[in-house]
Amino acid sequence: MQRIGVFICWCGSNIAATVDVEKVSEVIKQEKGVVFATNYQYMCSENGQQIIKNAIKEYNLTGIVIGSCSPRMHEATFRKAAQAAGLNPYMVEVANIREHCSWIHKDRAEATEKAIILVRTAIAKVLLNTPLAEGESPVTKRALVIGGGIAGIQTALDIAEAGFEVDIVEKNATIGGRMAQIDKTFPTLDCSACILTPKMVDCAQNEKIDILSYSEIESVQGFVGNFTVTIRKKARYVDENKCTGCKVCMQYCPSKKGLNEFNMNMNTRTAIYIPFAQAIPNVAVIDPEQCIKLKTGKCGVCKLKCSAGAINYDMKDEFIERKYGAIVVATGFKPIDLDNFNEYAYKDSKDVITSLELERLMNAAGPTNGVLLRPSDNAHPKDITFIQCVGSRDVSGCGKPYCSKICCMYTAKHAMLIREKYPDTRVHVFYIDVRTPGKNYDEFYRRAVEQYDVDYIKGMVGKVFPMANGKLLVQGSNLLDNEQIFIESDLVVLATAIEPEPSVRKIATLLATSIDTNNFLTEAHPKLRPVESPTAGIYLAGVCQGPRDIPETVSMASACAAKVIGLLVKDKLKTNPCIALTNENMCNGCSQCANVCAYGAISYIEKEFRLGGGKTEVRRVSYVNPAVCQGCGACTVTCPSGAIDLKGFSSKQIMSEVETICKK
Amino acid sequence: MQEVENKEFIPTIVAFCCNWCSYAGADLAGTSRLEYPANVKIIRVPCSCRVNPMFILKAFQSGADGVILCGCHPGDCHYMTGNYYTRRRMSLLFSFLNYLGIEKERTRVEWVSAAEGARFSMVMNDFAAKIKELGENKRLQDLRIKGDR
């Protein structure tokens with residue numbers, strides 16, 4: 001005979017304001033199987049849990065139902081409390097009377113009635129619960145970081161610091177990411193490369209860190225603690241172990257017209273190249289689209305000149321399979337394409353550039369060696385206009401609805417740097433709002449306005465007209481003066497919105513983790529679990545989760561590392577006991593269940609059955625591997641003989657819930 | 001004046017929600033205080049593919065007026081391919097229900113992600129309104145042989 005206890009939570013006034021909790025517990029007391037029912041202000045509190053524990057012991061309860069917030073919130077809390085009182089934690093059911101009841105209904109009578117039905121439904125389920133025991137699975141003590149920008153670098157360094165092995169998979173030929181392209185960082189104006197490159201070197205020298213550059217994720221299998229990942233190491237046609245990074249090949253390569261991606265395509269590079277001087281690994285790579293030897297078979301100059309013998313034109317993509325306990329996604333961002341923004345004449349004029357292009361133009365290692373020159377005629381620009389929110393906060397559908405967060409600060413930085421270096425330049429900034437929350441950020445922006453006399457204009461730009469004299473006419477509105485203004489400019493800089501690196505979509509699919517409508521990866525909880533993905537064992541660092549600047553990215557990376565270390569120090573993980581189980585007597589070995597299992601958890605075994613009269617027969621029956629089964633239940637519905645059921649969500653339990661809801 | 005019996009028809013609606021997307025979406029609707037009718041009652045299942053067509057038949061047999069099944073968007077299933085099975089099974093079941101004389105509007109499959117609290121509330125409002133319009137459902141009869149076995 002089952003003895004059920006019911007505990008209704010007020011959640012302060014969150015539930016009690018709309019649901020008559022007294023009435024619910026009174027009515028529920030009359031239910032079949034219920035021997036105890038009560039209500040309390042905060043069931044999740046220490047006192048509330050004590051009430052549960054005491055009742056379990058006093059009334060010798062065999063199952064409990066908590067009417068409270070969502071089980072996604074406190075199911076674990078109540079299971080722990082039950083366990084502490086000696087009750088199997090899987091004999092606990094939560095009726096969601098907050099999110100699914102009190103918060104969405106205003107009528108007290110209606111909400112109370114619904115709460116009663118929801119609690120009854122949970123009772124109907126718990127009456128059919130069976131005690132379950134968690135299994136264990138081992139943890140592979142190695143982490144994978146996807147993306148070698150500052151987020152990936154920081155995560156890897158912190159994980160390695162704790163003594164765990166970590167691999168960085170970077171799709172480009174070098175790690176460093178976007179931060180390597182940036183000239184100076186706000187609000188301190190220190191040189192980006194000067195603070196980033198030592199960290200890159202640290203990664204290369206750390207024996208716990210393995211950098212797999214020019215590589216991509218091909219497939220991912222497994223689950224938290226036990227991922228098996230296949231990595232495609234793309235052919236770079238240069239032996240990484242032999243290349244010394246001497247760059248002699250680059251001097252002799254006759255194919256010199258490739259666009260230099262690192263400099264935002266603003267100058268050219270050779271077909272064999274090292275992306276930038278401080279690249280890690282400092283190893284050349286051949287662009288197969290551009291290399292004469294690989295395209296026509298005639299050339300081979302670099303091989304002739306390479307004293308290390310590192311060049312190998314026959315190199316093929318290589319596949320590496322490795323096991324990991326945890327995976328960190330740090331895939332970063334790119335500026336959006338400006339195809340939808342013809343009004344800014346980005347395609348029509350060379351002198352309309354994006355902010356990232358400006359970073360390269362101002363960088364000492366950039367295409368102009370750090371001298372600010374107009375791309376069209378190499379003249380010094382005297383009038384520079386910045387346009388903010390290009391594609392950000394755009395609900396028209398052309399751009400992105402979100403704020404890219406970093407643009408206000410880097411535009412202030414650019415304006416300030418230009419005014420500092422070229423005091424005769426006039427700098428105008430069109431803005432919708434200036435958003436500068438952050439330590440020393442608003443002070444920084446004030447400095448641009450007050451100290452450096454940057455002309456901030458509240459308003460948006462309607463159109464940029466390239467003029468016959470080579471200048472650009474910027475037509476905009478000044479909202480504060482309520483007038484239309486025209487500014488003749490030599491250079492127009494667009495603070496382009498940022499979006500997640502497009503490859504993240506494929507990666508999210510491989511990792512079976514969720515992604516939002518803007519292609520940002522979704523966190524497990526927006527406030528309390530910001531660096532974990534909803535998929536166990538997958539963590540998120542940097543802009544792949546949402547727009548953020550370098551300090552926030554580094555904090556997030558370290559937070560990820562802490563989460564990963566917390567996982568990897570465990571020898572075993574508890575596994576979800578709510579998994580499929582075959583009733584061997586009913587199974588006829590038809591293989592349907594194995595066909596639908598996405599995890600390959602189902603195999604078949606030969607088993608001997610007694611037939612009676614001393615006779616036996618050997619039959620093929622399905623076997624669910626408890627370490628691999630994730631408990632989705634696909635097999636349970638597929639089975640034509642109804643031989644597989646899901647523990648914790650059995651057919652009988654769900655049918656009983658359905659009946660209770662429908663009872664009139 | 002003649003007294004008219006004015007008993008409003010309140011349909012019984014069962015909503016199956018997958019734990020990872022739609023149940024979380026329903027939670028978000030709650031956190032965002034987005035109302036939908038109280039006659040919608042949610043049953044939590046690990047994945048939409050856990051919902052056996054039998055459960056839906058059972059609901060109609062027990063007196064449900066509408067059954068809605070919510071899962072992750074195609075391609076976003078927490079269990080990778082679960083909702084694809086749901087989609088196939090339910091399209092078969094729904095045409096079968098139609099054949100049995102249960103209007104196909106009484107059943108529905110919707111994809112609601114964990115971030116779509118507003119969509120969850122909108123879907124439930126819409127579905128509940130539709131069921132109310134359709135009126136009371138004919139109860140499916142259980143014609144299996146009863147008695148002690």
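Modeller: Gly462(A) counts as partly exposed, at 39% relative accessibility; here buried means under 20% relative accessible area, exposed means over 50% and partly exposed lies in between, with a 1.4 Å probe and protein chains only. Before going on, some ground rules: this is a predicted model, where local features need pLDDT of at least 70, side-chain atom pairs count only at pLDDT 80 or more, and totals for chains, interfaces and linings use all residues. Residues are numbered from 1 along each chain as its sequence is written, chains are lettered from A and ligands numbered from 1 in the order in which they are written, and side-chain values use heavy atoms, leaving out hydrogens and water.

The glycine sits in strand S24 of chain A, residues 461-466. Helices (H or I, at least four residues) and strands (E, at least two) are DSSP runs numbered from the N terminus. Apart from neighbours within four places in sequence, Gly462(A) is in contact (heavy atoms within 4.5 Å) with Glu343(A), Gln475(A) and Gly476(A). Ser477(A) is 15 residues from Gly462(A) along the chain, and their C-alpha atoms are separated by 7.6 Å.

Chain A as a whole has 18 helices and 34 strands. Of its 664 residues, 55% count as buried, and its C-alpha atoms fill a box of roughly 95 × 70 × 40 Å along the principal axes. Among contacts in chain A with a separation of 6 or more, 68% come from residues 24 or more positions apart.

Helix H11 (residues 355-362) of chain A has 8 of its 8 residues buried, so the rest of the structure largely encloses it. The cover over these residues includes strands S19 (333-335) and S21 (383-390) and helix H12 (407-421) of chain A. In the loop between H11 and S21 of chain A we find Thr368(A), which is buried at a relative accessible area of 16%. Its side chain reaches the backbone oxygen of Val371(A) at 2.7 Å, a polar contact in the sense of N or O atoms within 3.5 Å, where within protein one must be able to donate a hydrogen and the other to accept it, and residues adjacent in sequence count only if both atoms are side-chain atoms. Thr368(A) is also in contact with Leu361(A) and Leu373(A), leaving aside neighbours within four places in sequence. Helix H12 of chain A holds Arg419(A), whose side chain reaches the backbone oxygen of Pro423(A) at 2.9 Å.

Now to the partner chain. In all, 46 residues of chain B are in contact with 44 residues of chain A. Together the two chains bury about 4100 Å², 62% of it on carbon and sulfur atoms; buried area is the accessible area (1.4 Å probe) that two parts lose on being put together, summed over both. Lys41(B), Arg44(B) and Arg50(B) supply 16% of what chain B buries against chain A, more than any other three residues.

Between chain B and chain A there are 17 residue pairs in polar contact, both residues at pLDDT 80 or more. On the chain B side, H1(B) gives the most, with 7 residues. The interface also holds 4 salt bridges, each a side-chain nitrogen of Lys or Arg within 4 Å of a carboxyl oxygen of Asp or Glu. Glu35(B) meets Lys106(A) in a salt bridge at 2.6 Å, N to O. Arg44(B) forms another with Glu75(A), where the closest N and O atoms are 2.9 Å apart. That pair runs from strand S2 of chain B to helix H3 (residues 71-84) of chain A, and both Arg44(B) and Glu75(A) are buried. Asp645(A) pairs with Arg50(B) at 3.1 Å between closest N and O atoms. Asp645(A) lies in strand S34 (residues 644-646) of chain A and Arg50(B) in the loop between S2 and H2 of chain B, so this pair too joins two chains. The two ends contrast: Asp645(A) is partly exposed at 26%, whereas Arg50(B) is buried at 0%.

Within chain A, salt bridges that share partners join Arg142(A), Glu165(A), Asp167(A), Asp210(A) and Arg322(A) into one network. One of its links, between Arg142(A) and Glu165(A), spans 3.0 Å, N to O.
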